[in-house]
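The sequence and structure come first, and the notes follow.

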Amino acid sequence: MSARGGGQRQCGAEGQVMVTPEQVGERYLAVHHRMFRAVNDEMNGCGLSMARTKVLRRLHEQGPARQNVLAADLGLSPHSITDVVDGLERVGLAERRADPTDRRAKLVAITDAGEACLAVANATRERLLKQIFGALSEPDRATLLRLLDGLDEAAKRLISAPAAPAMVSA
């Protein structure tokens with residue numbers, strides 16, 4: 001019997017259908033991708049992407065910062081943060097300013113236009129998340145949150161653990 005996410009389901013004791021971790025993982029990734037795309041596409045309609053919105057939100061909440069600090073805070077590569085900041089600056093949503101503590105350095109700051117655009121993006125994001133997760137009952141949302149916390153802990157252990165050698169079967 002084929003599983004929704006591909007692959008075969010295994011039958012356990014008493015003919016019960018078993019769902020593999022791979023099937024759940026593939027389904028989760030597909031749903032995540034679809035939700036991310038729905039939110040990102042809608043945000044693009046108001047001139048922002050999820051990455052640009054994250055940078056603006058960080059600047060709004062914590063004030064101007066150097067690009068390397070933004071990259072570290074948001075888990076972006078130096079190249080990626082440069083691309084995002086360049087794009088924000090090009091459309092007037094952020095600006096680079098001299099760093100008063102180091103004349104060689106620049107700080108990235110949100111502009112008034114960036115603040116206004118961020119407010120629209122936040123409202124759009126909130127509306128979409130309510131539409132998506134509002135499809136679940138409150139108890140189901142609580143269960144999903146608990147399950148996501150467990151998955152997050154498992155992922156954190158993988159990130160902080162040293163890489164395991166690949167197993168090669170003969």
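## A buried aspartate

Asp 102 is buried, with a relative accessible area of 18%. Buried stands for under 20% relative accessible area, exposed for over 50%, and partly exposed for the range in between, using a 1.4 Å probe and protein chains only. The model is predicted, so local features need pLDDT of at least 70 and side-chain atom pairs count only at pLDDT 80 or more, while totals for chains, interfaces and linings use all residues. Residues are numbered from 1 along each chain as its sequence is written, and side-chain values use heavy atoms, with hydrogens and water left out.

Arg 66 forms a salt bridge with Asp 102, with 3.8 Å between the closest N and O atoms. This pair links distant parts of the chain: Arg 66 sits in the loop between H2 and H3, and Asp 102 in strand S4, 36 residues apart. A salt bridge here is a side-chain nitrogen of Lys or Arg within 4 Å of a carboxyl oxygen of Asp or Glu. Helices (H or I, at least four residues) and strands (E, at least two) are DSSP runs, numbered from the N terminus.

Arg 66 is partly exposed at a relative accessible area of 29%, whereas Asp 99 is buried at 7% relative accessibility.

Arg 66, Asp 99, Asp 102 and Arg 104 are linked in a network of salt bridges. By the rule given above, the count comes to twelve salt bridges.

## The S3–S4 hairpin

Strand S3 (residues 94–99) and strand S4 (residues 102–110) run antiparallel and are joined by six bridges. Two strands count as paired if DSSP finds at least two bridges between them. S3 and S4 form a hairpin, and two residues lie between them.

Asp 99 stands opposite Asp 102 in S4. Elsewhere in this pairing, Glu 95 has Ala 109 of S4 as its bridge partner.

## Helix H1

Within helix H1 (residues 21–45), Asp 41 and Arg 37 are four residues apart and are therefore separated by about one helical turn. Their side chains meet in a salt bridge, with an N to O distance of 3.5 Å. Asp 41 is partly exposed, its relative accessible area being 42%, and Arg 37 counts as exposed at 52% relative accessibility.

Asn 40 also lies in helix H1. Asn 40 is buried, with a relative accessible area of 16%. Leaving aside residues up to four places away in sequence, Asn 40 touches Leu 48, Ser 49 and Met 50. Contact means heavy atoms within 4.5 Å. Phe 36 is another residue found in helix H1, and it counts as partly exposed at 37% relative accessibility. The C-alpha atoms of Phe 36 and Met 50 are separated by 8.5 Å, and the two residues are 14 apart along the chain.

## Where H2 meets H5

The axes of H2 and helix H5 (residues 112–133) come within 10 Å and cross at roughly 115°. On the H2 side the contact is made by Thr 53, Leu 56, Arg 57 and His 60, and on the H5 side by Gly 114, Glu 115, Leu 118, Ala 121, Asn 122 and Arg 125. Axes are lines fitted to C-alpha atoms, for helices over the stretch in contact, and angles run from 0 to 180 degrees between N-to-C directions.

## The chain as a whole

The protein chain has six helices and four strands. Along the sequence they follow the pattern β-β-α-α-α-α-β-β-α-α.

Of the 170 residues in the protein chain, 24% are buried. Among contacts between residues at least 6 apart in sequence, 41% join residues at least 24 apart. The protein chain exposes about 12000 Å², of which carbon and sulfur atoms supply 57%. Accessible areas come from the Shrake-Rupley method with a 1.4 Å probe, and for residues only the protein chains shown count as cover.
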